[in-house]
Each structure stands twice: as structure tokens, then as C-alpha cells.
Amino acid sequence: MEIDLDPNLEAFREEVATFLDAAPTGAIREAGLKTTSVFAPFDEVMAWQKILHRQGWAALDWPVEHGGTGWSIAQRYIFAEEHSKRNLPPLLPNALKMVGPLLIDLGTEEQKRKYLPGILAGEDYWAQGYSEPNAGSDLASLSCSAVADGDDYIINGSKIWTTLAHRANRMFMLVRTDRTAKKQEGITFLLLDRVDYSGMSIRSIIGLDGFPEQCEVFFDNARVPQSGRVGAENDGWSVAKHLLKHERGGSAHSSTARRYIELIREAACTSQSPFGGALTHDPVFQRDIGALEAEIESYQHFEKLAISGHAIGGDPAFPSMSKVMSSELTQRVSVMMRRVAGLEALSLQLDALLVGAKIEPFGTCLDLVSMPYYLNSRATTIYAGTNEVQRDLIARTLVGH
């Protein structure tokens, strides 16, 4: 089945390409080349969001009345393709892709007025306070408590794997407000105006890649206003499930995979095969890179089905299918990157990965990014709901339970 985008969109593609060729600064382009996880270098990507906001292109899928583009799904896909082709840093998802759309759907008018402009303009970054030491994939087991006290909640407990909490100025989180109810029914969804409330502390975690991306967050009788609650008290599980449909969404993952395939092929031209000659001519390499490219082509077909109006795009299982396919494809690409880079990529070149460091890396660009990308991609099948959980959701959807 051939799926081609509307040829009338070529003028739109040209407009996007012209802007993306001219607008990013050198630092922003460097940040894109040095992005080795879902989260690009913080300062540069927030600067890029501000530039896109001035163009009116920061929130591709928000409604126009809230500052979105009003673009069709196909237009958003084209933008994502052109953005990825230029190795530009992906915008951070927590605010634009998660809490922002959630507030548009479920927030009060006051919450929308208060929070949406700062999210859109790149003035606020929101950390996600979900996982706890004993509540990861089984998120409903969370124990971080919030006890009502007048117009406030008193929070006690901790969160973990809270991405970029040390750079955030706001947080959305799940807390337990009723220990007597069934575990899904005693949870409340809260917005925190600040991350420096008295009794609240943040500690960075150095990841396998050597950078402090994840954090622990501790609450010791931290007093926060109840006005930050989204939805009713004890109905936070429903709110969280609504947010997850945004977290698991995405577009043009195949374009990102293709970008890394280009790096792999470039490196293979100068790398030696263990059997002699250039790796690019090695029949085993040709077989394996061909199989990987076929998988990327298959996933791109899946993406285009979704944006072409095919029924699969509206299937309740689609977000889970997309998450499983894209995360496992990411891991397979990372394995091929490591395999081609070889021993030269084993050492983490932390200083060379810093934007603006002006430190020449050892070896090629692939040598610089392949190891941290490989390490960070191990988590893709875990976050946003493990792939085991996603497969269970797919099965339940298919059998109607």
C-alpha cells in the first residue's frame, strides 16, 4: 500500500525548510548533534523553543486558541521530518507535550491562564513527579502522601527518576490522599508552582552516561496550595491516564532513526572489517544494516498510515503499539551504532559532549555519541509504561477487555 503525503503540502515543506535552515544558532545546532537521549541539552533547547515560539511554531499540536499552530497531522509530520533532517534538538516534552495538553483538556480556566503562556514561551520547565523507589511501572502503588490542611496539602515522601528536576521551576506530580481506598482511587494530581518549597529538596543522580539528567525529590512536611489540584481529590489516576496518551504519542521517529543510520554508514566507510577492507563492503554488515533499514521503512509506513486517515490512527491500541515499536527500534539502532563505532567509542567523552566546550572529540561524531546514546536508550522500553505493560494493554484492547 503506497502512502504519499498530499503534494500540495510541498510549499509548506519548503517554508518549514527555509526557516529551519536560517533560524537556529550555532549553539542550538551543536546541541542537536550532541543530543544522546530524549532530553536535549537544556539551555540550548529552551533557547530554541523561544525562537520557535516567536515564529508561532512551538506547540505544533495545541489548539490555535491556546497558541498552537492549527496544523494538520500531515503538516506536523512534515515539520518533524525536516527538523530531524537538520539534527536540531527535540523540544523537551514534559511541558509542551504533557502537562500543557492536559491543562487544555482538564484544567480550570484559572489554571490555563496561569500556566499555559509560560509553557508555550519556554519560560517554565515542568518536572514530572511520578515514579517512587517502590512504585515504577506499578505506579498505583505510590506512597508519597498529601494531607489536606486548610487550603493546603502537607506532602511527605519522595520521587525518583524525576528528569531535569534540578533545572525545573515547576512540577506536576501524583500523591496519595486516601490510604483507605483502593490504590488507584486514593491518588490526586497536583501542580506545584515552585520546586523550592520549604521542606522540598532535590538531589541529582549521575546517569550511566555520566550526566545528571535524573533526580530524586524529597518532601518533608512540604506545604503546597490545593489550588494546584487538577480534577477532583482522589481522582488523580484518571487524570494521569489522560496525560499518558500525550506522553506515549509522537511523530516521525523514523526520521530520527534514519539520521543515525546515515552516521553509521558514514563511519562504516572508514572503519575496517575484521575480514579485511572497509566495513561498508562487509557482507554481514550489509545484511544487518539492510535489515535495520527495512525495519525503519516499515515503521515509517506505520507512521504514515496514522496520518493518512487510516483507521489504525484511531485504534485505542495505537499509542501502545507506537511506543513499543519506536522504543525497540531505538534500541536496535543504538546497538548498531555501538557495533560500528567499536572500541573507539567505549570511553565517555563528557567534556567534548558539552555544548560550547570547543574540545575536539576522539574519532568521529559516531564515536562521540554512540556510547551515551546506547546507554540512554536502555530506558526507552521502561519509561512511559514498560513495553511489557504496553503489550498487555494491546492484548486487552484486541480482545475487548
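1. Contact here means heavy atoms within 4.5 Å. By that rule, and leaving aside residues up to four places away in sequence, Ser326 touches His253 and Tyr299. Ser326 lies in helix 10 (residues 318–341); helices (H or I, at least four residues) and strands (E, at least two) are DSSP runs, numbered from the N terminus. At 10% relative accessibility Ser326 counts as buried, where buried means under 20% relative accessible area, exposed over 50% and partly exposed in between (1.4 Å probe, protein chains only).

2. A word on the basis of this note. The model is predicted, so local features need pLDDT of at least 70 and side-chain atom pairs count only at pLDDT 80 or more, while totals for chains, interfaces and linings use all residues. Residues are numbered from 1 along each chain as its sequence is written, and side-chain values use heavy atoms, with hydrogens and water left out.

3. Helix 1 covers residues 10–22, which makes 13 residues. From its first C-alpha to its last, helix 1 reaches 19 Å, close to the 18 Å expected at 1.5 Å a residue; the expected span is 1.5 Å times one less than the number of residues. Its buried residues are Phe12, Arg13, Val16, Ala17, Phe19 and Leu20.

4. What does the buried face of helix 1 pack against? The buried residues of helix 1 pack against helix 2 (26–33), helix 3 and helix 4 (73–85). Helix 3 spans residues 42–55 and contains Arg54. Arg54 counts as exposed because its relative accessibility is 64%. Arg54 and Ala121 are 67 residues apart in sequence, yet 8.2 Å apart in space, C-alpha to C-alpha.

5. Aromatic rings come next. The structure holds 13 aromatic pairs. Rings of Phe, Tyr and Trp (its six-membered ring) pair if their centres lie within 6.5 Å; planes under 30 degrees apart count as stacked, over 60 as edge-to-face and the rest as tilted. Trp71 and Phe79 form a tilted pair, at 5.7 Å centre to centre and with 45 degrees between the planes. Trp71 is buried at a relative accessible area of 12%, and Phe79 is buried at 5% relative accessibility. Phe172 and Phe189 form a stacked pair, at 6.0 Å centre to centre and with 15 degrees between the planes. Phe172 lies in strand 4 (residues 170–176) and Phe189 in strand 5 (residues 187–192), so this pair ties together parts that are 17 residues apart in sequence. Phe172 has a relative accessible area of 0% and is buried; Phe189, at 0% relative accessibility, is buried too.

6. One aromatic cluster is formed by Phe12, Phe19, Trp48, Trp57, Trp71 and Phe79. Phe12 and Phe19 are among the buried residues of helix 1.

7. Strand 2 (residues 145–149) and strand 3 (residues 152–160) pair in the antiparallel sense over 5 bridges; two strands pair if DSSP finds at least two bridges between them. The bridge partner of Ser145 in strand 3 is Asn156. The hairpin of these strands has 2 residues between them, and Gly150 there takes a positive phi near 70 degrees.

8. Which residues other than glycine have a positive phi? Trp161, which is not a glycine, has a positive phi of about 60 degrees. Trp161 is found in the loop between strand 3 and strand 4. Asn234, also a residue other than glycine, has a positive phi near 75 degrees. Asn234 sits in the loop between strand 8 (229–230) and helix 7 (236–247), and is partly exposed because its relative accessible area is 23%.

9. How many disulfides does the structure hold? The number is 0, where a disulfide is a pair of cysteine sulfur atoms within 2.5 Å. Cys144 is in no disulfide, and the nearest cysteine sulfur, that of Cys215, is 15 Å away. Cys215 is likewise in no disulfide, its nearest cysteine sulfur being that of Cys144. Cys144 counts as buried at 0% relative accessibility, and Cys215 is buried with a relative accessible area of 0%.
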